[in-house]
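Here is a quick tour of a protein model, looking at its salt bridges, its cores and one of its sheets. Have the sequence and the 3D view open as you read.

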Amino acid sequence: QIRPDWQTEWDGQGGLFALLDDDGYNHLYHIRAPGAHPTQITSGNWEIDRFEVDTASRQLFFRANRDGFARRDWYSVPFEGGPIHAITKRAGTHDLLFTPAHEGFADRFSDDSNPPDLFAGATQESGARIRITNSPLAAFRNHAWAEVRYVDYRSHVDGAALTARVM
């Protein structure tokens with residue numbers, strides 16, 4: 001599991017959005033009023049590690065490993081749940097800083113073969129980004145790095161699903 005810090009955010013109408021692991025995975029829930037039963041918004045065999053709320057568009061923006069254990073991509077979903085829209089699609093880790101209205105973002109992106117660089121993109125244009133920085137020196141780019149792959153397996157102790165990074 002991804003182990004996030006506890007996170008809750010106001011929904012703009014007196015309720016809260018929260019990351020809960022009621023089904024064994026960290027997912028988004030809506031608690032509409034104090035004492036109300038949490039309503040699950042996202043579900044699946046994947047986890048969310050952080051999220052943001054945009055009350056104007058009634059969208060939740062979240063980072064998750066939905067498309068693979070070693071990935072940290074960003075997505076959006078309506079407050080009420082429904083189809084999930086992928087914002088980032090390149091395998092690796094995305095740290096997004098959204099514009100105030102969430103129409104665009106800056107993305108500090110890295111993967112197994114590249115150190116962090118800064119990109120910019122529009123939230124509704126999945127995967128479309130403009131490179132802002134080009135941090136690696138030529139010597140880094142010209143080096144033959146080991147190819148990284150991931151292997152899923154089960155623990156012999158308790159059967160838990162695990163992923164190994166192999167170089």
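## Charged pairs, cores and a sheet

Asp111 is partly exposed, with a relative accessible area of 24%. Keep in mind that this is a predicted model. The salt-bridge partner of Asp111 is Arg90, and the closest N and O atoms of the two are 3.7 Å apart. This pair links distant parts of the chain: Arg90 sits in the loop between E8 and E9, Asp111 in strand E10 (residues 104-111), and they are 21 residues apart. Arg90 is partly exposed too, at 33% relative accessibility.

Over the whole structure, a search turns up 10 salt bridges.

| Salt bridge | N to O distance |
|---|---|
| Asp95 and Arg50 | 3.7 Å |
| Arg90 and Asp111 | 3.7 Å |
| Arg131 and Asp117 | 2.9 Å |

Take Asp95 and Arg50, which meet through their side chains. Asp95 is partly exposed at 23% relative accessible area, and Arg50 is partly exposed at 32%.

Since Arg131 lies in strand E12 (residues 129-131) and Asp117 in strand E11 (residues 114-122), the pair ties together parts that are 14 residues apart in sequence. Elsewhere, salt bridges with shared partners join Asp49, Arg50, Arg63, Asp95 and Arg108 into one network.

Now for the greasy side of things. In soluble globular proteins, nonpolar side chains tend to be buried together. Here the largest nonpolar core has 15 residues, and Phe17, Leu28, Ile48, Phe51, Leu60 and Phe62 have the most contacts inside it. Strands E2 (16-20), E5 (48-54), E6 (59-64) and E7 (73-78) each supply at least two residues of this core. Apart from it lies another core, of 6 residues, including Phe61, Trp74, Phe98 and Phe105.

Phe17 is worth a click. Leaving aside neighbours within four places in sequence, the contacts of Phe17 include Trp10, Tyr29, Ile41, Phe51, Val53, Leu60 and Phe79.

Finally, the sheet: 4 strands form an open, antiparallel sheet in the order E5-E6-E7-E8. E5 and strand E8 (85-86) are the edge strands, each pairing on one side only. E7 and E8 pair over 2 bridges, and Ser76 has His85 in E8 as its bridge partner.

Note on methods: Residues are numbered from 1 along each chain as its sequence is written. This is a predicted model: local features need pLDDT of at least 70, side-chain atom pairs count only at pLDDT 80 or more; totals for chains, interfaces and linings use all residues. Side-chain values use heavy atoms; hydrogens and water are left out. A nonpolar core is a set of buried Ala, Val, Leu, Ile, Met, Phe, Trp, Tyr and Cys residues joined through side-chain atoms within 4.5 Å. Buried means under 20% relative accessible area, exposed over 50%, partly exposed in between (1.4 Å probe, protein chains only). Contact means heavy atoms within 4.5 Å. Two strands pair if DSSP finds at least two bridges between them. A salt bridge is a side-chain nitrogen of Lys or Arg within 4 Å of a carboxyl oxygen of Asp or Glu.
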